Every structure is written in C-alpha cells, then in structure tokens.
Amino acid sequence: MKPEELKYSKTHEWVAVDAATKTAVVGLSAFALEALTDLVYVELPKVGAKVKAGQSFGEIESVKAVSDLYSPVNGEVVAIHEGLAEHLDVLKTDPYGEGWMVKIKLSDDQGLGDLLSHSAYAKQCAEEHH
Amino acid sequence: MSYLFNTPDDQRAMLAAIGSGSLDELFAQLVPADSRLNRELNLPRALTEQELTEHMTSLAGANVAATQKPCFLGGGAYDHFIPAAVDALASRGEFFTSYTPYQPEVSQGNLAVTFEYQSFVTRLTGMDIANASLYDGGTACVEAVLMCMHATNRNGRVVIAASVHPEFRQVVETYLRDLECELVTVGTPDGIVTADDVAAACNDQTACVFVQQPNFFGCLEDVEAIGKAAHAAGAMFAVSVDPISLGLLKRPNEYGADIVTAEGQSLGNPLQYGGPYLGIIACREEFVRRMPGRICGETVDRRGKRCWVLTLQTREQHIRREKATSNICTNQLLFALRATIYLSLLGPQGLRETAELCARKAAYARGKLTSNTRFAQRFAAPTFKEFVVRDTSGEVEQLLADAERDGYFAGIALGRWYPELADSFLVAVTEKRTKAEIDGLAAALSSATASNKRTPAHA
Amino acid sequence: MRNTRAIQPIFELAKAGRRGVVPPPCDVPTTLDEAIPAAFRSDVPPSLPEVAEPDVVRHFTCLSQLNMSVDTHFYPLGSCTMKYNPKRNERLASLPGILDLHPYQSEESLQGMLELLYSLQQMLGEIAGLDAVSLQPAAGAHGEMTALKCAAAYFRDQGRPRRKVLAPDSAHGTNPASAAVAGFEAVTVKSGPDGFVDLDDLKAKLDDETAVFMITNPNTLGIFEKNIRTIADMVHNVGGLLYLDGANMNAILGIARPGDFGADMMHYNPHKTFSGPHGGGGPGAGPIAVRDILAPYLPAPIVAFDGRRYRLDYDLPKSIGRVRSFFGNTGVLVRAYCYIRTYGPKGLREVSENAVLNANYLLSRVKHILPVGQGDRCMHEFVATASKIKAEKGVSAMDLAKRLLDYGYHAPTVYFPITVKESMMFEPTETESKETLDAFAETLFRITEEPAELLHEAPHTTPISRPDEVRAARSPQTSFPE
C-alpha cells in the first residue's frame, strides 16, 4: 500500500479502508516505528474482539518501553497478523504492507471522522520531531 | 558513631566546600521550619556492640528455639536440615550486600544464580518459565490468581479448595476484595477436594481453580481430575506445592497445571519466625508475559560471550507503572540463592532420598501416634509429610501445651482456622525427626492421656 | 586469575554419580509403598545437576566474586540507599533463639521475639510520628498496597468508597502499580522542573473521588517538598488521605516526621533506611505506620503487651485481612531493630545529617562536571543530567555509568526519575568517607574527558560488557535447556 493513500490517527496508526467490504487494515506508521527502537514484542487482540476508535487494541514493546496501539476505527477484529511477534523486522522493512497488524470489520458507526490525511499526518510528525 | 566516617574536621571542611556554616544552617535551608522536629526522638539510648549483643542474647534466651525441642510443627514452614555450605556461601558479602542487577556487567554472579534458580524451579515443577522469586508462598498464590484473571480475561470468580493453607487463602481474599472478584471456597470435609465439587463451583466467569498438593492437611489431592474439571470450565489450573515433595511426587506438568507456586522455605532456608521466605512461581510458556516480578534471561555480550540479564522488563512496574503485571519490586534473591545451593548439594538423588525420608517417617509417626485409643487419623486420604490427628477427648490446646512442657513442639491446633477441626491438630515430620523422637512424642502424648484420665476436669 | 571453569552453569559442571550432601539412612521400618501409593509418585526425580560439595563451594564462591557489593565497592545507586550492612546484625539475627523460631510456636515460647517486635512497632511509630504500625508487609511496594487497602476499607466503612489514587509523575513505578493492585484508578500529577509537585495540577485533580495522594518526601530528586503542609491541607480538605512513600527516610530521621508534616500513612524500607542487606535484590520488608483513624484496618496480627506478657492480637474485626502468610519478614525486622538500638535517638539524627552532608558535598563536586538541575542543595541524593555531554560528545548517562564500573565504582541510578532526561541519580549514604567521595568525583571528571568511542564500548575490564538485551527479550531463554 502507498503511504500517501492511507489515513492516519493522531496516535500514529495507519488505516486502509475498503469501502466495498467495509473492512479496514491497520498498522503502525514508519515514523512511529522509527521512534520505537529495538522492538521485541507486539501483542495483538483475538479475532472477534470489539474495538473502538481511540481505545487500545494491543501493545508494542521495545526493550525498555511499551506503547499502546490505538484503534483508529470502530468495529470487530476479523483477522490478525499471526506470527508478527516472531518477525518484527517486517515492521521496519515494509510497515505499510507486510507490517499490517489487524483487519477490522467496520461497524455502522465507523468512527473515521478524526483521521488525518497523509499530508496532515506528515505535518504532525514534523511538529513532534521538534 | 559506629558506622559513620565524618570527623568534626571532615564536617567543617565539607560544610565549607558547600558554602554552609553548620549542619543546622544546612537543614534550615532544606526543610521548612514548620516541618522540622524540634526535639530528640523518644527512643532508647544507643548501645555499643557489646551491650547490644548482651541485650539480643537475653531476648533470644526468652524464646525457645525450634532446635531446642523436637519440632513437629509444619503448616507451610518446616524444620528441614540445612547443610553448612548453604550458610557459608550465602553469607558472602558479595552476595548479600549487593542489589538488583541494574548493571549486568558487575552482577553476573547474581544473574547466574538467578538463571540457575529459575532452571531448578522449572525442572522441579516441569513448567517452562520461572521468575526470579516472589515474597513468599502466600503472595505467590495471589500473583498466580491475578495472572489467571488476566490471561483468561475472566474477573468474576476464583475457586479455591478449603484444603489450601488458610493463610494463603486469607491473602488471596484480601487482594480480591477490592477487585470485585468473587472467591468461592470449596469445602473439604474428607481432607481433600473432589473434582465434582470443583466443577460445580465453576461458572463461565471462573478464572482459576486453585489447590495445594500436598494440601494444608498433608493429604494428597486427586490433582489430575481437579485439573480436568478446571479446564472443562475454561478456567486455568493453579497449584501450590511443597518443593521437597517434588523429589518424589508427580510433577505439576504431569497433571495439567498451568501455574505452579510454592513456599520455598523448605529449600535450605531458616525458619526465622515466618520470614523472609521464598515465593516460587512457574508457568507454561504461553503465560510468560503475564508473569510478575523479575526474570533473568540468557544472551550474549558485545563480544559474543554468553551472559545473563534481567529481561522482559516491560512487564514490570518501573516501566509499565499502573498497567504492570504486579506491583512487586524487590524479590527474595538471597533465599533463592540458598535454595539453589541447597538443591545443588542434594542433587536429584539427595532430593529423592529427603522426600522419601519425610514420607516414610511421617507415615511411621501417623501410625505410632494414632495407635493410642485417644487419638485417631482425622482423614483417610494418603499423606506426604504431614497429617491431621483427632484428639477424641477434644482437649487439643491443653494437650499441645502439656507436650511442649514435656519437651516437644508437638503440632499445630487447627481450630483457629477450621472450627469443625477444633478437636484436631496437624503434625509435620521432616527427615530431621528420628525414630526416637517420634516414639518419644507418642509416649509424651500418651502420658498426657494418662494424666488427663487421672484429673479429668483439670481441677 | 579468574576461574572461568568454576563459573560455568552448574549443569555443565555436573557428572552422573557425583553427590554433595547425603541424607541419613532411614531409621523407621515403614516402607515407601506403605507411606505413599505408587500412583502419586514419579518414577524419576527432577533432573538436577549431580555435583560434589567442593564443586558447589567453588562455583558459588567464584560467582559471588563477579558481583559488586557494598562490602567491596562504593555503590551510590540513587534511591536504593546502599549503606554499610553491619556485621553484628548478621551475627545477632543468627542467634538460634532468634533464627530458629517456627511461625506457629506458642506465644509462651516466643516472649523474647514478641518483645523485640513490639518495641520495633513502638520505635517505628515514634520515628514516623504516627500512631500504629503493622510489621506484616514484605517489601516497600507491598507496604504501599497494604496501606492503600487500609484506606479503601476506611472509606468503605464511612459509606463513601473512593476511586482514585494520585501520585506525581516523578514517583517510583510501584506507586501507580500498587494503586492498581489495590483496586484504585491511578492518576498522575505533574511535577515542575524544580521537582516540586505542581500545585495547580494537584488542585485540578483532587476531588471527592480522591482517596489518597501518594508523595515521596524528600522526593525522587532528593528535595524536601517545600509545600508539603499546603499539599497535606489540600488533600485533607477534599477528605482524602496523604500517603508518604518512605523510600527516602534516610534523609530525615529525627529531623522531620511524616506524621508531623501531614502524612496519614507511610511505609518504611528497612533494607534501605535501617541497613537490612539488599541480598542481590531482596529480601526487603515494608512495615507501615498509620494515623489512629486507620489503625483498625491494619492487617492482623499486631503485637500487643499487657504489662506482663506479649501476645499476638488477632482481634481486629475491621482489619483488611492478611497480606502475606506468617508474621512478616522477621529476619529483616530484627536487623532494623539492632540498627535502631545501635544508634539511639542522637545517632539516628546523625545518620541523616551525614547522609545529607555527604550528598551535598558530592553534589558540590559533581555539578562542575555534570549539570544538576535542582541547584546547589539536596537532601540525601541528587539528580544530575548527562544531556549536555550527550549533545556535545554523544556520550550518554549509560556510557558514563558503564565506564564508572571500569574504575571500581558501582554506577548511580540512570534514567530514573523519568522526568529528567539522561538522569543520573547519586546517593552516597552516610557510610562513605570524604576521601571516597573526592576520589569518585575525580574519576567521574576523568571519564568525561575520555574519548567518546572508549565510553561507548565501556566497560572494558568487567567479565562481560554491554549484553544484548534485545536478543534476550525477543526470544527469551530463561532456563538451562534440559
């Protein structure tokens, strides 16, 4: 997936929404992954878990820090990236493709309102970097 | 003063260096006047080493040590033999005056000990992962229960057998009270819990079934059936064990335990009136990230040399704060060290023989003590190194006091925890108890019988 | 001269058939089959290593020599109070009449021990300026949780349970973790750049759902909270309770009492303040002291004295219950008792005076090497920052800490508190000399002059250097493979 075509949450998750199937693929942006050095573990939800926009659905850990992963949308987890914790390198090499984390079936109240475009997200990252 | 360096000259020089006129001036700058104590603490005067030694010797003399009389007291703390090498090695200052290995380069000794300790615990229990120790056997039960609640995502109910150590159960109860999780205690009228009763106590919100093996009464539970009942209800199965018994009994992985805890005092640690002891916890690999406390792991250093570090630290309070798996910070490494040395000295054969000695001597004592008509075995279930004796004349407190006067710490009255067992007491027999001591205890209890018969009303 | 063979994992030293300690022959006629049915037994014992006693002695002795310790090195690990552990306390705690006491012995056979513990309760109450003491908690964090549960019971008893526990962002991680374990919602209060609690933020977060505000005083920057009385009033005005994290009591023994400056409850860390040996990571103990309104909720038993006899008082109907099995970490408490009796009232005050003097003196030397944000004064410890040298030379607090090891000093605490970047927290304690502090400061200065490349790879003289923590955490190997 091309980063320019994705939507982003303020908490650095990216979302690719397929309007036809009403599903969203979610991952973590390259910017956030760069800031989290030395990844050691990622904990993803179980298939079937209900998620809400802005609420934690999992965690990503480096040696000495742990960060929540926040869902950008409302819905139900229909697939998770099995075995991602054993292949954390793909998060760095292909964050927007092989580095996907969960697939979420959107609920009627999709919760997509607060998401940022790529350019708006890039602006936020530039400000955070300062 | 005893352990201070600064002479008046030193103090003057240091005060001058920091630009302060006196200690009083320094503290006036540091502590607001309204918070300062303007009198001396009301404490007893200082004692020199010689005076303190006399004082402590006098206090010690006002106690009767468990080594002064044959000790048949158990209930989670046991008078096992401690080899001299355990004391000699564990009293090395490099071990006991060091701290948490925040700098692994200068803590490889402690880290290697931790790694060996964890390895020993996994081999004893058959579990995959052990941590670097918890406070004691009671808090280990709580940590296991909390792990189960997190891992199953069930917070509604915890099922525990009444045959689990009553103080362990009390600790679990204290912790669960403010977490809105119901603690259901399954009765054990025959000294053991039945799988049917466990199954009936479980609901679809039950996080865990908790039993002890051997249990508080010394009886052996049908752990395999209980574990199956727990798993059938979707709950986890946690067991508290006696580590010495694992030299002889089936290991928890063989009967389906998910988490194993233990009071590790038995493994080379002194009784010292209840603590510090050693909280052991081990689990299956899938629960490793729910494990509380410190964990030591193997790695390599920058030159590729094998070494050890604290690992998986993101579980812990100093990183995860309110979301940590536990609030525990310190562990009991000094006692984990003692356990590691103890088990190294015993080896597999020594541990087996120690467990067999306990079992055989306890069985002998069970028969000997209950051969008198006043006393009976309270429960029929097989036992390991402890058993419950029923005093048919129902004068347990007096009996035990008489036995103590006659030179024996004979057992623990059970009425304070189990009103229905007010006529019973718990007797523990370790490898240290000799046949002569057991025969002597039986004789002392018999003579108590005789004297009671002579003066039935204690007139 | 290091014996590299003896420090191999003990499993690699083992050989089938070797034995250490051999238990005595069985002197009762009962057979194993009579004792325990075969169905309960395992066929083979656990696969422990088979080694001879001399193997064990050499292995653990050589391992011990890989540790830095207070007995061997200056150990200025901030927040941990690594002071000298008196040898007399070890000997006295090992007297058979103290060491070999079973927790379920009769009170009659424990009068000396109960007297000691009763006196310790009294003394800890006096030092705290609080009314009642429980010796049961096994460690500082355990004491925190115990006291918070007493607070929960107190509010429940008043018919008005409260939900929140507040703690500053500079607090030890145990504070919010203990709040969570005690069933509270943990709320973080900001602290200012000077390390003091941000009173505006505190005010904004205090409400009638606030059960407890937990504060460390002196705080984790080693500064006595100048607004402590105002803070206490603010907390009390919303009906809340003030908790004192006693980790830093070494600074204020006989100088200020938590009960006098407004705390309603606190824990002690006797392994820090009262010199219990740290044992490579424990044991500690965590006795708590509380104001009279909280006394009914303490865990049972408490040691009581009727003027003639000491006994264990279990009759506390409002008690929160037990927080551990048996009496407590008695061995640590006995050492604390010996320590307090050795110093007496004047001596304890001198302990804190010299701990504070040593820290201020070290600060006056270190501030010329590394910036100390809090200025020229501290209590028993202070926090410097390596952020300047990091910006200039790329040398981090960790690099400096690692290089200190080469020179025979334990490192200060690094990267705590989390509110200061590249933090290095120094706590010299009172049991170090001016000469040691001078030599340490000179070494620190020398290190800052060394080439960055040398520091990045430090330490160079220790048995290992810079272990790969990522590898350890990614695929955890936590026991020796069977």
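Chain C is divided into three parts: domain 1 spans residues 10–64, domain 2 spans residues 89–342 and domain 3 spans residues 350–456. The structure described here is a predicted model. Between the centres of domain 1 of chain C and domain 2 of chain C, taken over C-alpha atoms, the separation is 42 Å.

In secondary structure, chain C contains 17 helices and 12 strands. The radius of gyration of chain C is 25 Å, close to the 23 Å given by the globule rule for 482 residues, so chain C is as compact as a globular protein of that length. Along the principal axes, the C-alpha atoms of chain C occupy a box of roughly 75 × 65 × 45 Å. Buried residues account for 62% of the 482 residues of chain C. Of the contacts in chain C that link residues at least 6 apart in sequence, 71% are between residues at least 24 apart.

The contacts between chains were examined next. The interface of chain C with chain B involves 172 residues of chain C and 173 residues of chain B. On the chain C side, helix H12 (residues 330–366) of chain C supplies the largest share, with 21 residues. The side of chain C that touches chain B consists of 87 nonpolar, 51 polar and 34 charged residues. Chains A and B also meet, and this contact takes four residues from chain A and four residues from chain B. On the side of chain A that touches chain B, two residues are nonpolar, none is polar and two are charged.

One helix of chain B was considered in detail. Helix H3 of chain B covers residues 49–61, and its 13 residues reach 18 Å from the first C-alpha to the last, close to the 18 Å expected at 1.5 Å a residue. Four positions, Leu52(B), Met56(B), Leu59(B) and Ala60(B), are the buried residues of H3(B). Viewed down the axis of H3(B), these buried residues fall within an arc of 100 degrees, so they line one face of the helix. An α-helix has 3.6 residues a turn, so residues three or four places apart point the same way. The exposed residues Gln50(B), Glu54(B) and Ser58(B) are carried on the face of H3(B) turned away from its buried side.

Note on methods: Residues numbered from 1 in each chain as written. Chains lettered and ligands numbered in written order. Predicted model: local features only at pLDDT ≥ 70, side-chain atom pairs only at ≥ 80, totals over all residues. Contact = placed C-beta atoms within 7 Å. Helix = DSSP H or I, 4+ residues; strand = E, 2+ residues; numbered from the N terminus. Nonpolar A, V, L, I, M, F, W, Y, C, P; charged D, E, K, R; others polar. Rg over C-alpha atoms; globule rule 2.2 N^0.38 Å. Buried ≥ 20, exposed ≤ 12 C-beta atoms within 10 Å, placed from the backbone. Domains from an automatic or database assignment. Expected span 1.5 Å × (residues − 1). Arc of directions from axis to C-beta.
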